[in-house]
Amino acid sequence: MALNLCQHVVRDSIADFYCHELRLIIEVDGEAHHSPIQQERDDERDFQLAAYGYCTVRVSNAEVLTDLDAVCKDARPCHTSRSIIYSNDAVSQ
């Protein structure tokens, strides 16, 4: 299944990648997202978006550059659920 992904405004923020058909948001997180304050902001934003039926997948920049296949596989659970998915690298410090 090919997904149409693009940067898009979703509610009051800009999603790195968004698929309207699946209400899927993929966020590519860099070093700034490792701080406790930013992680708290990200968690709150993801929680609010989930309340509106969006599924957020968070991945690290490194994952996108080194293992894009794994990033794509991480997004698959969103096809059937409306949850927040964190890859291991996106939340490690």
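## Close-up views of a predicted model

View 1. At 1.5 Å a residue, the 16 residues of helix 1 (residues 36–51) should span 22 Å, and the end C-alpha atoms of the helix lie 23 Å apart, which agrees. The model shown here and in the views that follow is a predicted one. Within helix 1, the residues Gln38, Asp42, Arg45, Asp46 and Leu49 are buried. These five cover an arc of only 100° around the axis, which puts them on the same side of helix 1. An α-helix has 3.6 residues a turn, so residues three or four places apart point the same way. The face of helix 1 that is turned away from the buried side carries the exposed residues Pro36, Ile37, Glu40, Phe47 and Ala51. Just after helix 1, Gly53 adopts a positive phi of about 90°.

**View 2. The salt bridge between Asp29 and Arg58.** The side chains of Asp29 and Arg58 meet in a salt bridge, with an N to O distance of 2.8 Å. This pair links distant parts of the chain, since Asp29 belongs to strand 3 (residues 24–29) and Arg58 to strand 4 (residues 55–60), 29 residues apart. Both Asp29 and Arg58 are buried.

View 3. Asp42 forms a salt bridge with Arg58, in which the closest N and O atoms are 3.7 Å apart. Here too the pair links distant parts of the chain, Asp42 lying in helix 1 and Arg58 in strand 4, 16 residues apart. A further salt bridge joins Asp46 to Arg58, with 2.7 Å between the closest N and O atoms. Asp46 lies in helix 1 and Arg58 in strand 4, so this pair ties together parts that are twelve residues apart in sequence. Asp46 has a relative accessible area of 0% and is therefore buried, the cut-off being under 20%. Arg58, at 2% relative accessibility, counts as buried as well.

**View 4. The salt-bridge network as a whole.** Asp29, Asp42, Asp46 and Arg58 are linked in a network of salt bridges. The count of salt bridges in the model comes to four.

**View 5. The aromatic pair of Tyr18 and Tyr54.** A search of the whole structure finds one aromatic pair. Tyr18 and Tyr54 form this pair, which is tilted, with 6.1 Å from centre to centre and 55° between the planes. The two residues come from distant parts of the chain, Tyr18 from strand 2 (residues 13–19) and Tyr54 from the loop between helix 1 and strand 4, 36 residues apart. Tyr18 is buried, with a relative accessible area of 6%, and Tyr54, at 11% relative accessibility, also counts as buried.

**View 6. The setting of these details in the whole protein.** The protein contains four helices and five strands, which, read along the sequence, follow the pattern β-β-β-α-β-α-α-β-α. Of its 93 residues, 37% count as buried. Among the contacts with a separation of 6 or more, 57% are accounted for by residues 24 or more positions apart. The protein exposes about 5900 Å², of which carbon and sulfur atoms supply 54%.

Definitions and conventions
Residues numbered from 1 in each chain as written. Predicted model: local features only at pLDDT ≥ 70, side-chain atom pairs only at ≥ 80, totals over all residues. Heavy atoms only, no water. Expected span 1.5 Å × (residues − 1). Buried < 20%, exposed > 50% of the residue type's maximum accessible area, 1.4 Å probe, protein only. Arc of directions from axis to C-beta. Contact = heavy atoms within 4.5 Å. Areas by Shrake-Rupley, 256 points an atom, 1.4 Å probe, with all protein chains shown as cover. Phe/Tyr/Trp six-rings, centres within 6.5 Å; stacked < 30°, edge-to-face > 60°.
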